[in-house]
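User: I have not seen this structure before. Can you walk me through it?

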Amino acid sequence: REGLETQLHWSDMVWGPGSAAAVLNVWPINPDPTFVTGIVSILSALDAPASTLRRTAEFLEPLFASQTRFSEMAQLLLAVSLLAKDTDLNGYAVDALIALIVDGRCVGDELGSVFRRLIISDAVKCNRLSEQLGKVVRVSPLHKHVCSRIVQTMFGEASALPNGLLPKDAYHLLAPLLEWLIELDEPLDMATRGVLSTVSGSSKSAKLAKLLLERTAPANAAQQRQVAIASLRGRLP
């Protein structure tokens, strides 16, 4: 009971300018407790618009430092921030994801796994996530590759999906995924192929699944090399 009351206390707080930094200063060497506080606060207002009284975007600040580990709590914080309706928050989350990809801390699979586990909740709205990832892919082929990995990993394990089925709004992510794979000249990965092969009917998602399954050619070696070089460049001091 005490833990629940504490959690409700944190979620009900008004996070004004500097509040998140004050929490981080309690244990600056380990930002995970601060990330947890941010996660609870963001989830409590996931569908609320931006507000000058709520500065939850500040919880993302440590992610811009290359020495900050992209831990599981950091991944969950970024995931819920990308799904939030608050435009200030999800805009800052886009910038954080761009930075994490540049220096190699995010390769896509880890974040996709977090989204996959969130699908069973009402937190995942594919149209919101598609909009934010659409901003990230404009940066470089590397960013496009990582975003394709996020979506493929998200939908790549049938046993983790509710009743083994894709969400009804999955087409919001399948459409850009098809576009990204065509532009990158990459095939659909085997795990996602297994899930999409079970999709039937004439829905938007079913039609897109069929088109994605047609991507069987090997990845373009030149494109792969370009993405790999960009990835290595970001990891060099």
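Predicted model: local features only at pLDDT ≥ 70, side-chain atom pairs only at ≥ 80, totals over all residues.

User: How many helices and strands does the chain have?

Analyst: The chain has 12 helices and 0 strands, counted as DSSP runs (H or I, at least four residues, for helices; E, at least two, for strands).

User: What radius of gyration does the chain have?

Analyst: The chain has 18 Å, which agrees with the value near 18 Å for a compact globule of 237 residues. The radius is taken over C-alpha atoms, and the globule rule is 2.2 Å times the number of residues to the power 0.38.

User: And what does the C-alpha trace span?

Analyst: About 50 × 45 × 30 Å along its principal axes.

User: Changing topic, how much of the chain is buried?

Analyst: Of the 237 residues, 48% count as buried, meaning under 20% relative accessible area with a 1.4 Å probe, protein chains only.

User: Which residues line the largest cavity?

Analyst: The lining consists of S41, I42, A45, R54, T56, A84, D86 and L89. A cavity is a set of points on a 1 Å grid over the protein atoms alone where a 1.4 Å probe fits but cannot get out, and lining residues have an atom within 4 Å of a point.

User: How much space lies in there?

Analyst: About 30 Å³, where a volume is the space filled by probe spheres set on the points.

Terms used: Residues numbered from 1 in each chain as written. Heavy atoms only, no water. 1 Å grid on protein atoms, 1.4 Å probe; cavity = no way out; pocket = protein on both sides within 12 Å on 5 of 7 lines; lining within 4 Å. Buried < 20%, exposed > 50% of the residue type's maximum accessible area, 1.4 Å probe, protein only.
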